[in-house]
Amino acid sequence: MTKALEIQQLRKVYDNGFVALKGIDLSVEEGDFFALLGPNGAGKSTTLGIVSSLVNKGEGKVFVCGYDLDTQREAVKRSLGVVPQEFNFNSFEKVQDIIVQQAGYYGLKRKLAEARSETYLKQLDLWDKRDVPARMLSGGMKRRLMIARALVHEPRMLILDEPTAGVDIEIRRSMWAFLKRINKQGTTIILTTHYLEEAESLCRNIAIIDNGEIVAQAPTKTLLKGKQRSTYVVDVRGTLTIAPELEGFNSRLVDEHSIEFDLTREQTLNEVFALLQAKGLEVTSIRPKTNRLEELFVDLTTNSKQEADA
Amino acid sequence: MNHPYWVAFSAIVYKEVRRFMRIWMQTLLPPAITMVLYFIIFGNLIGSRIGTMDGYDYMQFIVPGLIMMTVITNSYGNVSSSFFSNKFQKSIEELMVSPVPNWIILLGFVVGGVTRGLACGLIVTVLSLWFTDLQVHNAFVTLSVILLTAVVFATAGLINAIFATKFDDVTIVPTFILTPLTYLGGVFYSVSLLPEVWQWVSKLNPILYMVNTFRYGIIGHSDIPVLAAYGMLLMFTGLLMSWALYLLHTGRGLRS
């Protein structure tokens, strides 16, 4: 089966000497919902920028849907829809005009472009804004406009660079539902995001990039299974002044009603409950301290930084 | 015409033309007002005291140059400001991610600039008919020279916009290079009036060739050989188009 994206030994050095990518390999199956995660400046946008032809490629090879970026750039571009991080449309143009215009660049005749723009504007709840200049839209609407624009030529792969940044939770969830739907219809989706909950709930496969290198790439479930340690917070009835000693667990006082503790893969929550009960503490609620993927992300990127510093 | 390249080219030209039509108060009206003032002040008031230039009524003499000046300024200004605005707003990325070849991008913007240049030239020509009788001496020369000139300056405008990093950069070339070269390009006088050394210096100015050849097309008089002007225009067209294509190919000012 053709890979939707295949990156081999991709290296990028900017003119100022900054090494953004240190020879990364990345592979995304067709039909996948894939997240490329990493801290700011890790190389996510450079990677996606190269794939989208917005950044000049350095050494290495990039294949999109089997097409070589070096020799078949036009076919690569036809296979891709790109939703960049920053708004990049003429804000004086009307919403539908922006999409119809973009369709023209892909060779779609006006009638078809208008029909497609209607379809996607309706699906993304922007149809009633079609005659409004883009500058009058809210942040969430502008993001959805860029998604509609990226889909108008019906690409095989959609690249989204932080698509839900600055979008309220209700619209974010409706965007998730839309993206899941088009992924189900066969469009490969690659996204970067800082909302790790988003990546965990949407993406089947994840790669984590840090300092220009891929530090992890695996199915989301496998990555989370491999997590060595989780931190939980328990709320107890009554007032605490110090953290109770829980044998075999590292526990800390959060506030007078809550403690947090680390749980390794070998330990169980039952053991913690038993120890708390033995100390006469009644647990009223328990929750993970952070999103599981967030913990893994912090672990991996911190390790990578420590190795780089060493 | 269903070829994707043709559709993409049409889309760029449509956008460019719609842009300058939408802001006609900034694009089509100013040259009309400026040139009417030129016709009244230089042509009527001062021109009546100057008498004739190379045997032609002064108004008749300056009208071709003023039309050419309008075409040059507007072809250049349209592409430099539009392309730079696209860069500034990042909407140029819409073209960069799409499968439009660089030569279509270049042609699309150039044709947009040429259309505005010629539209302004036509407006000024119509207005000039209130002040003088224009009789076209050679229609082929008139049309081909004005078209080639518009292409040259529209392409130059694109190159300017590629290098520009701020709005000031798109006004520097028109202010400090284009305007002086136009004024010294024989719009208002015949170079035969100049001392020999300045005649020689003037012949280094490409705009002199364009203005004179266009004047030849209209009134049948030129200070320089018409064929030399075509040679220069074709050379500039080739050089500037190649340079612009090279810049688009390397992503200069567009891709890091």
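## Terms and model

A nonpolar core is a set of buried Ala, Val, Leu, Ile, Met, Phe, Trp, Tyr and Cys residues joined through C-beta atoms within 7 Å, where a buried residue has 20 or more other C-beta atoms within 10 Å of its own, those atoms being placed from the backbone.

This is a predicted model, in which local features need pLDDT of at least 70 and side-chain atom pairs count only at pLDDT 80 or more, while totals for chains, interfaces and linings use all residues. Residues are numbered from 1 along each chain as its sequence is written, and chains are lettered from A in the order in which they are written.

## The nonpolar cores

The largest nonpolar core holds 149 residues, and those touching the most other members are Val64(A), Ala148(A), Ile159(A), Val110(B) and Leu158(B). Helix α4 (residues 58-88) of chain B supplies the largest share of this core, 15 residues; helices here are DSSP runs of H or I with at least four residues, numbered from the N terminus.

Chain A is divided into domain 1 (3-224) and domain 2 (228-309), with bounds that come from an automatic or database domain assignment, and this core draws at least three residues from each of them. A second, separate core of five residues includes Val234(A), Ile259(A), Phe261(A) and Val272(A).

## Where the chains meet

Counting two residues as in contact if their C-beta atoms, placed from the backbone, lie within 7 Å, 21 residues of chain B are in contact with 25 residues of chain A. On the side of chain B that touches chain A, α1 (4-22) and α5 (92-96) of chain B each supply at least two residues, and α1(B) gives the most, with six residues.

How values were computed:
Buried ≥ 20, exposed ≤ 12 C-beta atoms within 10 Å, placed from the backbone.
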